[in-house]
Amino acid sequence: MSRTMTPMTIRVQVPGSTSNLGAGFDALGLAVDLPLQVVFHFEAASTRVLSVRGEGAHEIANREDHLILRAFQRACEELRQTAPPVGLEIDNAIPLKRGLGSSGAAIVAGLLAASAYCNNALSQQQLLNLANELEGHPENASASLLGGLTVNGVHNGRVLCERFAPPANWKAACFVPDLEIATEDARRVLPASLSRAHAIGNLQSAAMMVAAFAKPNAALLDLATRDYLHQPFRKVLIAGFDDILAAAMRAGAYGAFLSGSGSTLLAIAEDACAEEVSRAMAKAAKSHGLYGRPMVLAFAEQGAVCEVNR
């Protein structure tokens, strides 16, 4: 594989994501309007981060194992190309370690840029497979790549993914705590086994979530967001967890859940009441000594976009 011309810059914009949506553990992802923007400069003398703005700027700038660069280099390796020196300008709106898909978005940005550098050599299937390989689960990256709700499975390293468009009048009413939870730490508290009744409950809930978006039918979201696999165990990491979700429902949310592995708590709400729902969550959290930001986000129907400037 050879490229015809080295581009001056490649600009990638990738939305963040929420995942699991209650019961859909490692299976359901949903893109949210929190953009990661990265400009790749190929005239750079060496591979390095040139500048970072936005969320987690200091941590991103000083990370030795940089996910964007690692994904870029892995994609070049897949295409049997030598990764060229590249300088990164990063503008990030996704809070780090809050369950809003910052890692998945970073991986998608690196993979897409490498594919564009090599004349769009990677197919959508290859992008999904590589993202799953790098992150260890497929749902965040697939949502960031494709936009909307993604339903994911993995068989022999191959990601199977279907996408549903989010209803325009559904919004993500969020409470983003001043509390970081690393995915690996959140996985450590999970049980090794689950009862048959709870396994059935999760299957029913995950199926209802897909049906809720396919119809769309907001009345299904209360059952769809109920989970027995991870939230009952992860909630000990977040003060006032049950009260925060209950406050969201009282304020008019259709359903509420832990976003990814946390710490963000996210409710799906009608546009008209989303601000009230997010404020109610923040108020309930404050009563337990947990502070953070209420936030209302649109669900991103469009996935990642890549622009090459020669």
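This is a predicted model: local features need pLDDT of at least 70, side-chain atom pairs count only at pLDDT 80 or more; totals for chains, interfaces and linings use all residues.

**Helix packing**

I began with H2 and H3, and found that H2 passes H3 in a right-handed crossing. For my own bookkeeping, a crossing is right-handed if the near helix is turned clockwise from the far one by less than a right angle, and left-handed if anticlockwise. Helices (H or I, at least four residues) and strands (E, at least two) are DSSP runs numbered from the N terminus.

Residues are numbered from 1 along each chain as its sequence is written, and side-chain values use heavy atoms, with hydrogens and water left out.

Next I looked up the geometry: helix H2 (residues 67-78) and helix H3 (residues 102-117) pack at an angle of about 40°, with axes 7 Å apart. That angle makes H2 oblique to H3. The classes are roughly parallel under 35 degrees, roughly antiparallel over 145, roughly perpendicular from 65 to 115, and oblique for the rest. Axes here are lines fitted to C-alpha atoms, for helices over the stretch in contact, and angles run from 0 to 180 degrees between N-to-C directions.

Who touches whom? On the H2 side I listed Leu-67, Ile-68, Ala-71, Phe-72, Ala-75 and Cys-76, and these meet Ser-103, Ala-106, Ile-107, Gly-110, Leu-111, Ala-113 and Ala-114 in H3. Contact means heavy atoms within 4.5 Å. I sorted the contact of H2 with H3 into eleven nonpolar, two polar and no charged residues. My classes put Ala, Val, Leu, Ile, Met, Phe, Trp, Tyr, Cys and Pro under nonpolar, Asp, Glu, Lys and Arg under charged, and the others, Gly among them, under polar.

I then followed H3 to its contact with H4. Their angle is about 135° and their axes lie 10 Å apart; H3 and H4 are therefore oblique to each other. This crossing of H3 and H4 is right-handed. Ser-103, Gly-104, Ile-107, Leu-111 and Leu-112 of H3 meet Leu-127, Leu-130, Ala-131, Leu-134 and Glu-135 of H4. I counted seven nonpolar, two polar and one charged in the contact of H3 with H4.

Helix H4 (residues 124-135) also packs on helix H5 (residues 139-146), at about 145° with axes 9 Å apart. From H4, the contact uses Gln-124, Leu-127, Leu-128, Ala-131 and Glu-135, and from H5 it uses Asn-140, Ala-141, Ser-142, Leu-145 and Leu-146.

How many cavities of 30 Å³ or more does the structure hold? I found one, and about 30 Å³ of space lies in the largest cavity. On a 1 Å grid over the protein atoms alone, a cavity is a set of points where a 1.4 Å probe fits but cannot get out, while a pocket is an open set with protein on both sides within 12 Å along at least five of seven lines; lining residues have an atom within 4 Å of a point. Grid points are joined across faces, edges and corners, and a volume is the space filled by probe spheres set on the points.

The largest cavity is lined by Val-108, Leu-111, Leu-112, Leu-127, Ala-131 and Leu-145. H3 gives the most to this lining, with three residues.

I put the largest pocket at about 750 Å³. Among its 39 lining residues, Leu-67, Ser-102, Ser-103, Glu-135 and Thr-183 lie nearest its centre. Its lining has 14 nonpolar, 14 polar and eleven charged residues.

The second largest pocket has a volume of about 240 Å³. H10 supplies the largest share of its lining, five residues.

**Backbone spots**

I noted a cis peptide bond joining Lys-215 and Pro-216, with omega about -10°. Pro-216 sits in the loop between helix H7 (196-214) and helix H8 (221-224).

I also found the peptide bond from Gly-262 to Ser-263 to be cis, with omega near 15°.

Finally, phi of Asp-26 is near 60°, a positive value in a residue other than glycine. I located Asp-26 in strand E2 (residues 24-41).
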